[in-house]
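Subject: Structure handover

Hello,

Here is the structure I promised you. Please open it first, then read my notes beside it.

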Amino acid sequence: MRQVPFLDLRKLNQEIKMELEACFSRVITSGWYILGEEVTAFEKEFAEYCGVKYCVGVGNGLDAIHMILRAMGIGADDEVIVPANTFIATWLAVTYAGATPVPVEPDDKTYNIDFSRIEAAITKRTKAIVPVHLYGQPADMDPIWEIANNYHLSVIEDAAQSHGACYKNRRTGSLGHAAGFSFYPGKNLGALGDGGAVTTNDPTIAENVRRLRNYGSEKKYLHIEKGFNSRLDELQAAFLRVKLRYLDNWNHRRRQISNIYNQELQSVEYVTHPYVPKWADPVWHLYVIQTPSRNMLQSYLAERGIQTMIHYPIPPHRQEAYKELMQLELPLSEQIHNEVLSLPMSPVITDEDILYVTKAIKQFFS
């Protein structure tokens with residue numbers, strides 16, 4: 001029986017194994033493993049890629065958003081608007097900063113935050129809006145900016161899934177006051193371990209995050225504030241420099257795969273495939289369908305060697321970690337979390353595998 005993995009990282013990294021091994025050797029030989037030349041070079045290259053002035057490498061994507069909030073002075077007694085439909089890390093970053101996450105329901109087509117619902121959630125305590133570019137598709141930023149400007153709020157992108165995606169010909173990471181990226185191995189631009197970055201055009205935010213990531217220190221043993229230990233290490237930065245050169249090609253391949261999925265599934269009843277607005281150029285971190293028969297379909301595909309994932313089975317407000325918010329009624333988010341299914345997606349998956357997946361889906365619904 002054919003086996004179709006959800007994401008074959010081994011095969012992906014095998015294609016550039018020699019370059020990654022050369023990076024490993026270079027970093028080992030350098031004798032410098034934290035905040036050295038590799039991190040500095042990657043920060044410069046990724047800032048240029050995103051179209052911003054500054055990039056600061058940090059330990060992971062959650063830390064990136066957390067430290068942006070801290071760098072902006074957002075904390076206790078403040079509120080931050082977040083999508084109701086997202087991975088819990090977006091909420092956790094707000095909580096770690098001492099602020100309160102205020103969830104807003106998504107647009108039912110894109111699954112990103114619905115800008116038309118944001119204004120009703122704003123109070124005197126609101127300090128920022130954190131749109132997530134979910135599944136690799138940018139949120140609708142212009143109306144979010146209009147609201148933010150009217151209420152003097154900061155805009156922080158959660159760009160953890162959107163490396164290279166564009167909104168009206170501008171790359172994510174350049175669309176807010178600052179943006180947080182994750183380089184978790186499964187991301188479009190993934191390290192071989194954890195990693196993250198903050199991008200911004202604001203020199204004060206960049207300076208503050210650089211200090212916060214390194215124990216609140218600008219100079220060794222001189223600590224200006226209570227900071228954190230959250231630094232992108234030299235080895236991961238070296239790996240990311242290699243992978244950044246391949247990112248656009250990998251994203252192009254993801255677009256080809258999404259086109260096959262769209263074409264093959266467009267006429268399948270009871271399946272809603274992704275909607276892409278005209279102003280969006282997504283990078284298809286995930287290809288997510290929605291169907292009321294989600295659980296049965298997932299089991300059917302698994303029996304045929306097709307691995308799928310659910311992003312995400314339980315919304316943040318229904319998690320035990322946020323039990324104080326379990327009384328919230330967020331029916332659209334709950335429906336999405338009950339019905340979405342992520343199909344295999346990877347730059348190294350074959351057309352034949354994609355057609356095998358779509359054929360199985362058609363057979364299930366026939």
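What covers the buried residues of helix H10? The cover includes strand E13 (287–290), helix H11 (331–339), strand E14 (340–343) and helix H12 (351–365). Cover here means contact, that is, heavy atoms within 4.5 Å. Helices (H or I, at least four residues) and strands (E, at least two) are DSSP runs, numbered from the N terminus.

A word on the source. This is a predicted model, so local features need pLDDT of at least 70 and side-chain atom pairs count only at pLDDT 80 or more, while totals for chains, interfaces and linings use all residues. Residues are numbered from 1 along each chain as its sequence is written, and side-chain values use heavy atoms, with hydrogens and water left out.

Back to H10, residues 294–303. Its buried residues are Arg294, Leu297, Tyr300 and Leu301. They span an arc of only 130° around the axis, which puts them on the same side of H10. That arc is taken from the directions from the helix axis to the C-beta atoms. An α-helix has 3.6 residues a turn, so residues three or four places apart point the same way. On the other side of H10, Asn295, Met296 and Glu303 are exposed. Buried means under 20% relative accessible area, exposed over 50%, and partly exposed in between (1.4 Å probe, protein chains only). Gly305 follows H10, and its phi is positive, near 80°.

Next, the cores. A nonpolar core is a set of buried Ala, Val, Leu, Ile, Met, Phe, Trp, Tyr and Cys residues joined through side-chain atoms within 4.5 Å. The largest one has 31 residues. Leu69, Val80, Ile156 and Val209 have the most contacts inside it. Strand E1 (54–58), H4, strand E2 (79–83), H5 and helix H7 (203–212) each supply at least two residues of this core. H4 provides the largest share, seven residues. Which residues does Leu69 touch, not counting those up to four places away in sequence? They are Ile74, Val80, Ala93, Val94, Ala97 and Ile156. A second, separate core has 23 residues, including Val268, Tyr300, Val357 and Ala360.

Now the pockets and cavities. Both are found on a 1 Å grid over the protein atoms alone. In a cavity, a 1.4 Å probe fits but cannot get out; a pocket is an open set of points with protein on both sides within 12 Å along at least five of seven lines. Lining residues have an atom within 4 Å of a point. Grid points are joined across faces, edges and corners, and a volume is the space filled by probe spheres set on the points.

The largest pocket has a volume of about 630 Å³. Of its 28 lining residues, Gln161, Tyr184, Lys187, His285 and Tyr312 are the closest to its centre. Helix H4 (61–71) gives the most to this lining, with three residues. The second largest pocket has a volume of about 310 Å³. Strand E10 (residues 217–219) supplies the largest share of its lining, three residues.

There are two cavities of 30 Å³ or more. The largest cavity holds about 110 Å³ of space. Among the residues that line it are Tyr111, Leu134, Trp284 and Val288. The second largest cavity holds about 30 Å³. Its lining includes Leu9, Lys187 and Trp250.

Best wishes
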